[in-house]
Amino acid sequence: MERKTKIDAEDGKQELVITREFDLPLELLFKAYEEPEIVEQWMGTKVLKLENKKHGSYQFETTDPKGHKHGFNGTIHEFIPNQKITRTFEMENTPFGIQLEFLEFESLSDDTSKLTMQVVYRSVAVRDQILKLPFAQGINMAHNRIQDILNKLN
Amino acid sequence: MNLRRDVFQALADPTRRAILLLVASQSMTAGAIAANFDTARPTVSKHLQILTECELLKQEQNGREIYYHINAKEMKEVADFIEPFRNLWDDRFNKLESVMKKYKSKK
């Protein structure tokens, strides 16, 4: 299946751009970011707080399969319905620091829409680390599986 | 380029990443690699074939045995390993799309 999401991460830059076209009208796409109970469904997280306004803030909490809780939070700088959200994002208790996110929503047709998400990190190094995170986790999972198999054999 | 996409497809599979990880420390025969997995031998052979075709692994004849080793150059070229990051976001957005389609039909 073809992946509809594009990641643009130029070498040596401390930002990346994520773009995605949706088979959804603009209003529905925006609602997915606006309504706490919908955010919970697709992000797989608990929404502790979500204030959709300038100077508002948000707080999410996810629970991993081992039962550990992970917190995410940020401050909302701009909130213009069906157009844009500008906010900070921070994974609590990680060395990655705070990132700045510019989300732009646009209508392509009555039934399709597009999201462009520009994310700015504190440094090139942090951006590269975050980009590699899912790959590293994949390697770790594979490694743990090998370890499990080896343990069974012994 | 096609080759590059194939490389990322090859890397997207956890078993193939595990094979790369195994072979990274020393070159191994197909049999020795297969012995590390629960999967059937032909499945492992298929993975080795894919990894070799996209040049992440190289084959080397040593007597009667064929040894597999990491192609360091190709591995370095994909060292940014961006594809799993993209997949993560794509899965997330697919979820958003399906949640909102259901939401629409409920109304």
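Visitor: In the hairpin of β5(A) and β6(A), which residue takes a positive phi?
Guide: Asn82(A), with phi near 65°. Three residues sit between the strands there. Keep in mind that this is a predicted model.

Visitor: How do β5(A) and β6(A) pair, and over how many bridges?
Guide: Antiparallel, over six bridges. β5(A) covers residues 69-80, and β6(A) covers 84-91.

Visitor: Which residue is the bridge partner of Ile80(A)?
Guide: Lys84(A), in β6(A).

Visitor: And the hairpin of β4(A) and β5(A), how many residues between the strands?
Guide: Five. Gly67(A) has the positive phi in that one, near 90°. β4(A), residues 56-63, runs antiparallel to β5(A), with eight bridges between them.

Visitor: What stands opposite Phe60(A)?
Guide: Phe72(A), on β5(A).

Visitor: Zooming out. What is the secondary structure of chain A?
Guide: Three helices and eight strands. Along the sequence the order is β-β-α-α-β-β-β-β-β-β-α.

Visitor: How much of chain A is buried?
Guide: 18% of its 154 residues. As for contacts between residues at least 6 apart in sequence, 34% join residues at least 24 apart.

Visitor: Now α2(A) against α6(B). What angle do their axes cross at?
Guide: Roughly 135°, and the axes come within 8 Å. α6(B) is residues 83-106 of chain B.

Visitor: Why is α2(A) called oblique to α6(B)?
Guide: Because the crossing angle is roughly 135°. Roughly antiparallel would need an angle over 145 degrees, and roughly perpendicular runs from 65 to 115.

Visitor: Is that crossing left-handed or right-handed?
Guide: The crossing of α2(A) and α6(B) is right-handed.

Visitor: Which residues make the contact?
Guide: From α2(A), Ile38(A), Gln41(A) and Trp42(A). From α6(B), Arg92(B), Lys95(B), Leu96(B), Val99(B) and Tyr103(B).

Visitor: And how do those residues divide by class?
Guide: The contact of α2(A) with α6(B) has five nonpolar residues, one polar and two charged.

Note on methods. Residues numbered from 1 in each chain as written. Chains lettered and ligands numbered in written order. Predicted model: local features only at pLDDT ≥ 70, side-chain atom pairs only at ≥ 80, totals over all residues. Axes fitted to C-alpha atoms, helices over the stretch in contact; angles between N-to-C directions. Helix = DSSP H or I, 4+ residues; strand = E, 2+ residues; numbered from the N terminus. Parallel < 35°, antiparallel > 145°, perpendicular 65-115°, else oblique. Left-handed = near helix turned anticlockwise from the far one by under 90°. Contact = placed C-beta atoms within 7 Å. Nonpolar A, V, L, I, M, F, W, Y, C, P; charged D, E, K, R; others polar. Buried ≥ 20, exposed ≤ 12 C-beta atoms within 10 Å, placed from the backbone. Pairing = 2+ DSSP bridges.
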